Amino acid sequence: MKLHMLGVNGPFPQSGGATSGYLLEAGETLIQFDLGSGVLSRLTAKTAPESVSALFLTHWHFDHAADLPVLMYRLDQLGDHPLPVYAPADPDSAIRRIVAASPRFSLKDVSAGDEISVGSCTVRVGEARHPVPAVGYRIESDGVSFGYTGDTNTLPGLSAFYRGCRVLLADGLFPESEWTAQKPHLSAAGAAMLAAEAGAEHVVLTHFNPVYPPEQLLQEARMHHAHVSLARPGEVLDL
Ligand SMILES: [Zn+2]
Ligand SMILES: [Zn+2]
């Protein structure tokens with residue numbers, strides 16, 4: 001499996017950047033995780049967006065879903081079948097209402113415990129703790145596991161869900177000095193602790209808020225895990 005880092009910021013992009021969006025490539029199977037602002041253009045540089053096998057959203061916050069209504073315009077012109085979209089139900093989301101009403105998408109609600117087969121991949125749905133309904137995903141293909149936390153703070157059982165993942169892509173938004181248990185995101189150190197507890201070989205920090213210096217996040221995370229890196233836009237990671 002390969003992971004294309006299309007957008008790594010949140011809740012707003014850095015100059016020239018994009019918010020959350022990652023394209024997973026497993027042979028012929030292409031799965032897009034989240035489609036934040038600026039991600040559609042980067043996805044289009046990799047492949048025709050209507051050709052992806054499915055789109056999985058961790059939640060409906062704009063920094064994860066903003067490009068969906070724009071993708072709908074593209075599908076109006078170039079789509080020849082409804083694009084499968086998997087996401088947690090969130091009746092308060094305006095974007096979800098647009099997606100649910102459009103014949104260009106085939107929307108399926110997911111919740112923790114679900115397991116979905118997409119091509120050569122099995123996608124399992126796990127919990128997340130965030131101010132809106134949110135989930136994380138664990139993907140298995142060819143005996144390799146990859147985890148993506150989406151937006152979350154600490155949660156009992158989180159490390160059990162990601163146990164044994166080779167790579168964990170984790171929300172590490174906060175520096176230690178700004179983090180509390182009530183915040184909507186993990187700290188970088190917390191993301192590294194989660195990966196260590198889960199026995200993940202490598203943790204990739206993501207969801208960078210442009211106001212916090214990434215080098216500080218990296219330094220703080222390295223206190224808790226031997227193999228930490230920062231998600232870099234444009235990078236292709238071998239999973
Ligand atoms: Zn976010
Ligand atoms: Zn969010």
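Mentor: Strand E9 (residues 135-141) and strand E10 (residues 144-148) pair in the antiparallel sense, over five bridges. Strands count as paired if DSSP finds at least two bridges between them. Helices (H or I, at least four residues) and strands (E, at least two) are DSSP runs, numbered from the N terminus. Bear in mind that this is a predicted model, where local features need pLDDT of at least 70, side-chain atom pairs count only at pLDDT 80 or more, and totals for chains, interfaces and linings use all residues. Residues are numbered from 1 along each chain as its sequence is written, while chains are lettered from A and ligands numbered from 1 in the order in which they are written.

Trainee: Which residue in E10 is the bridge partner of Ile139?

Mentor: Phe146.

Trainee: And how do E8 and E9 pair?

Mentor: Antiparallel again in sense, with six bridges. Gly126 stands opposite Gly136 of E9 there.

Trainee: What joins E7 to strand E8?

Mentor: Four bridges, with the two strands running antiparallel; E8 covers residues 121-127. Ile116 has Val123 in E8 as its bridge partner. E7 and E8 form a hairpin with two residues between them, and Gly119 in the turn has a positive phi of about 55°.

Trainee: Is H6 mostly covered or exposed?

Mentor: Mostly covered, since the count is eight buried residues out of eleven. Buried means 20 or more other C-beta atoms within 10 Å of the residue's own, exposed means 12 or fewer, and partly exposed is in between, with C-beta atoms placed from the backbone. Gly190, Met193 and Leu194 are among the buried ones.

Trainee: What do they pack against?

Mentor: Helix H5 (158-161), E11, E12, H7 and E13.

Trainee: Which residues have the most contacts inside the largest nonpolar core?

Mentor: Ala191, Val203 and Leu205, in a core of 74 residues. H6 gives the most to this core, with seven residues. A nonpolar core is a set of buried Ala, Val, Leu, Ile, Met, Phe, Trp, Tyr and Cys residues joined through C-beta atoms within 7 Å.

Trainee: What does Ala191 touch, leaving aside neighbours within four places in sequence?

Mentor: Ala170, Asp171, Gly172, Leu186, Val203, Leu205 and Ala221 are in contact with Ala191. Contact means C-beta atoms, placed from the backbone, within 7 Å.

Trainee: Last one: how much of the chain is buried?

Mentor: Buried residues make up 49% of the 239 residues. The protein chain has seven helices and 14 strands, and the C-alpha trace spans about 50 × 35 × 30 Å along its principal axes.

Methods: Contact = placed C-beta atoms within 7 Å.
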